[in-house]
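Reader: I would like to go through a model feature by feature. Please give the general idea each time, then the case at hand.

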Amino acid sequence: MPKISQTRRDARRQEILDAALRCFSRDGFHNTTTADIVRESGVSQGTLYLYFATKDDIVVALADDRHQGEAFVGALAQSEQDPIKGLLCLIELHGKGLNDKSRVDMRRVGVQGWGEALRNERIRASVVEGLTTVREAIARLIERGQATGQIRASADPNAVARSLIAIFQGFVLQVAWGEEIDLAACGRVIGEMIEGSLLTPAGRASWSGETR
């Protein structure tokens, strides 16, 4: 029997994950069976088990893929020499993700994952790991801003990061519900909150220079 290439193997794995994402978004984790995913993907049951031993493996793989994207966004923000511009970059890119219509299923499944994390330790660990990556990226930007005098020294980097993540999670939930949200207006409000509570005059100058 001829061996399939790694490229084809990766493509087949992605086909399974894409099918699972659609199923989970439509029917939820508990109402979706591996048989449903097999029908949606067009692969055989045996082929699915070559890639994923359990449904939980698929859920975790979807979360890991999402976290890789978030880590990439964090790396882009860190690459900015000006930490304030890096923070702006982070906010802008995550905001664009909320506007991306192609990510509707991913957002719905992500919200379901938050609930599943309350009862499934393995999924909880994956969710927390992803959030930790984002939190640490924000905290590093805050610390860099403090070192340059652009952000108030009294600000707790970890508390700031957790607060910004909580705001973003709230937007994710509202968008997943299908609410019409003026994300640009909300972004301006977040900017005003950050400018008023975190930034020193030097930081505000940098912030204004980027946004005008």
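This is a predicted model: local features need pLDDT of at least 70, side-chain atom pairs count only at pLDDT 80 or more; totals for chains, interfaces and linings use all residues.

Author: Residues are numbered from 1 along each chain as its sequence is written, and side-chain values use heavy atoms, with hydrogens and water left out.

Reader: Which helices and strands does the protein have, and how many?

Author: Helices (H or I, at least four residues) and strands (E, at least two) are DSSP runs, numbered from the N terminus. The protein has 10 helices and zero strands, and its pattern along the sequence is α-α-α-α-α-α-α-α-α-α. Its C-alpha atoms fill a box of roughly 65 × 40 × 30 Å along the principal axes.

Reader: How do I read burial and contacts?

Author: Buried means under 20% relative accessible area, exposed over 50%, and partly exposed in between (1.4 Å probe, protein chains only). Of the 212 residues in the protein, 41% are buried. A contact means heavy atoms within 4.5 Å. Among contacts with a separation of 6 or more, 67% join residues 24 or more positions apart.

Reader: What span does helix α4 reach from its first C-alpha to its last?

Author: The expected span of a helix is 1.5 Å times one less than its number of residues. Helix α4 (residues 55-78) has 24 residues and reaches 35 Å, close to the 34 Å expected.

Reader: Which residues of α4 are buried, and what covers them?

Author: An α-helix has 3.6 residues a turn, so residues three or four places apart point the same way. In α4 the buried residues include the run D57, I58, V59, V60, A61, L62 and A63, and also R66, H67, V73, G74 and A77. Their cover includes α1 (6-27), α2 (34-41), α3 (45-51), α5, α6 and α7 (121-147).

Reader: How many disulfides are there, and why?

Author: A disulfide is a covalent bond between the sulfur atoms of two cysteines. The rule applied here asks for a pair of cysteine sulfur atoms within 2.5 Å, and the count is zero. The sulfur of C89 has its closest cysteine sulfur in C186, 20 Å away, which is too far for a bond. C89 is buried at 15% relative accessible area, whereas C186 is partly exposed at 21%.

Reader: What lines the largest cavity?

Author: On a 1 Å grid over the protein atoms alone, a cavity is a set of points where a 1.4 Å probe fits but cannot get out; a pocket is an open set with protein on both sides within 12 Å along at least five of seven lines, and lining residues have an atom within 4 Å of a point. Grid points are joined across faces, edges and corners, and a volume is the space filled by probe spheres set on the points. The structure holds one cavity of 30 Å³ or more, and the largest cavity has about 80 Å³ of space. Its lining includes F29, V59, L62, R66, V109, I123 and V127. Helix α4 gives the most, four residues.

Reader: Which residues are closest to the centre of the second largest pocket?

Author: The second largest pocket has a volume of about 240 Å³. Of its 13 lining residues, L98, K101, R107, V175 and E179 are the closest to the centre. The largest share of the lining, three residues, comes from α6. By class the lining has six nonpolar, two polar and five charged residues.

Terms used: Ala, Val, Leu, Ile, Met, Phe, Trp, Tyr, Cys and Pro count as nonpolar, Asp, Glu, Lys and Arg as charged, and the others, Gly among them, as polar.
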